[in-house]
Amino acid sequence: MFCIDIERTPRSRLNETDFSSLEFGAVYSDHMLVADYMEGQWQKPVITPFRHISMSPATSVLHYGQAVFEGMKAFKAENGDILIFRPDMHFKRMNASCRRLCMPEITHDLFLEGLTELIKLDKDWIPSEHGCSLYIRPFMYASDEFIGVKPSKTYKFIIFTSPVSGYYKGTVKVIVETEYVRAAEGGIGFAKTGGNYAASLLPAKLAYEKGYHQLLWTDSKEHKYFEESGTMNLMFIINDTIITPPLSSSILAGVTRDSIITLAKDMGINVEERKISVDEIHEALERGILQDAFGTGTAATITHISAINIKGKEYQLPEVSRRKISNQLNQTLVDIKLGNIPDKYAWNYRIKV
Ligand code: COI
């Protein structure tokens, strides 16, 4: 437990923000939390107005990408309390990313108390509009002014927040990627680090030029098995069974993925975490037995796939209104996040206001 110095903004931007037309990631709340790591430990954090950070052109992260981040969401419950969805799982995942990127781990106090103070201060930025939330972006980067290749000795940890709507507007059309790879086994694919997203930009741009919103990544060795989709984990439904690729060193351990699997099993729905080949889905599409395909992610929540281009042919998937299983799972997840139904898994972290 530590006390955090707060420098309040002299001029809130809240009244200038149009909450009725939010996009993902375009507007930031008034404050941010900042903590420095030096001499082997985290220093006392401060909350300041959301502002630019200045750094030397020789700052390590700019050259070698030693940086990790998380994405969480906060919601406003009916009684005004603040509900943050599964911060402990995000905390653990952030530290798993830190270990892989050779960065110091965040302490639980710094992460959770820092988050609590920041969200309490900017609570009026949590949107109550349908489908909207306050997106929370904790991140850490190597801050040494040094351009030799080695782990930095100093780091900065920052949390800022952003009122958002859904990441995707509606359904997405996807194409199976069999040339480029997002991540290889033994690499950094499971870590939430910028390099994975940088690697996805060119293939995603090429897919966009062909008329697709996103890619379905396949494995790096044979392009035979599905991995994940851009910014989301991937789920298929055949014979009322949810099938999703198993976690590995090249797949991000999604918090929404885990939540959907837990809810589905609890509802008596069969879930198989196993390798899924491109051939298997191709055959299911040919036979018309692919009931559903969707992505899961914090930013994307559940995003339905409307069409898949596989082996050069585009297949349409069933109307979203007919996809009973994923619609029901989505609704249950939303209800838990908003505190509308009992939170029997204790996923919400509640801040009383
Ligand atoms: C999230 O779902 O929180 C993500 O981090 C995806 C993102 C890169 C927008």
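Which residues are around the ligand? Let's start there, and keep in mind that this is a predicted model. The residues around the ligand are Phe 24, Phe 69, Gly 71, Tyr 135, Arg 137, Tyr 167, Lys 192, Tyr 197, Thr 298 and Ala 299.

Okay, a few of those deserve a second look. Take Tyr 135: one of its polar side-chain atoms sits 2.6 Å from a ligand oxygen. Lys 192 also uses its side chain, with an N or O atom 2.7 Å from an oxygen atom of the ligand. With Ala 299 it's the backbone, where an N or O atom is 2.8 Å from a ligand oxygen. And how much of the ligand does the protein cover? On its own the ligand has 280 Å² of accessible area, and the protein covers 92% of that.

Next up, the nonpolar cores. The largest one has 48 residues, and Trp 42, Ile 84, Ile 119, Met 140 and Phe 157 are the ones with the most contacts inside it. Several elements supply at least two residues each, among them strand E2 (31-38), helix H2 (87-100), strand E8 (133-142) and strand E9 (155-164). Helix H3 gives the largest share, 7 residues.

Setting aside neighbours within four places in sequence, Trp 42 is in contact with residues including Ala 35, Tyr 37, Pro 104, Ile 106, Leu 110, Met 140 and Phe 157. There's also a second, separate core of 24 residues, and it includes Val 172, Met 232, Ile 308 and Tyr 315.

Now jump to Ala 293, which you'll find in strand E16, residues 290-297. Is Ala 293 buried or exposed? Its relative accessible area is 0%, and buried means under 20%, so Ala 293 is buried. Leaving out neighbours within four places in sequence, its contacts are Met 235, Phe 236, His 304, Ile 305, Ile 308, Leu 317 and Arg 323. For a sense of distance, Ala 293 and Glu 280 are 13 residues apart in sequence and, C-alpha to C-alpha, 13 Å apart in space.

Last stop, the cysteines. Quick reminder: a disulfide is a covalent bond between the sulfur atoms of two cysteines. How many does this structure hold? The count is 0. Cys 102, for instance, is in no disulfide, and the nearest cysteine sulfur, on Cys 98, is 11 Å away. As for Cys 3, it has 53% relative accessibility, and the cut-off for exposed is over 50%, so Cys 3 counts as exposed.

Conventions: Residues are numbered from 1 along each chain as its sequence is written. This is a predicted model: local features need pLDDT of at least 70, side-chain atom pairs count only at pLDDT 80 or more; totals for chains, interfaces and linings use all residues. Side-chain values use heavy atoms; hydrogens and water are left out. A disulfide is a pair of cysteine sulfur atoms within 2.5 Å. Buried means under 20% relative accessible area, exposed over 50%, partly exposed in between (1.4 Å probe, protein chains only). A nonpolar core is a set of buried Ala, Val, Leu, Ile, Met, Phe, Trp, Tyr and Cys residues joined through side-chain atoms within 4.5 Å. Helices (H or I, at least four residues) and strands (E, at least two) are DSSP runs, numbered from the N terminus. Contact means heavy atoms within 4.5 Å. A residue is near a molecule or strand if one of its heavy atoms lies within 4 Å of it. A polar contact is a pair of N or O atoms within 3.5 Å; within protein, one must be able to donate a hydrogen and the other to accept it, and residues adjacent in sequence count only if both atoms are side-chain atoms. Accessible areas come from the Shrake-Rupley method with a 1.4 Å probe; for residues, only the protein chains shown count as cover.
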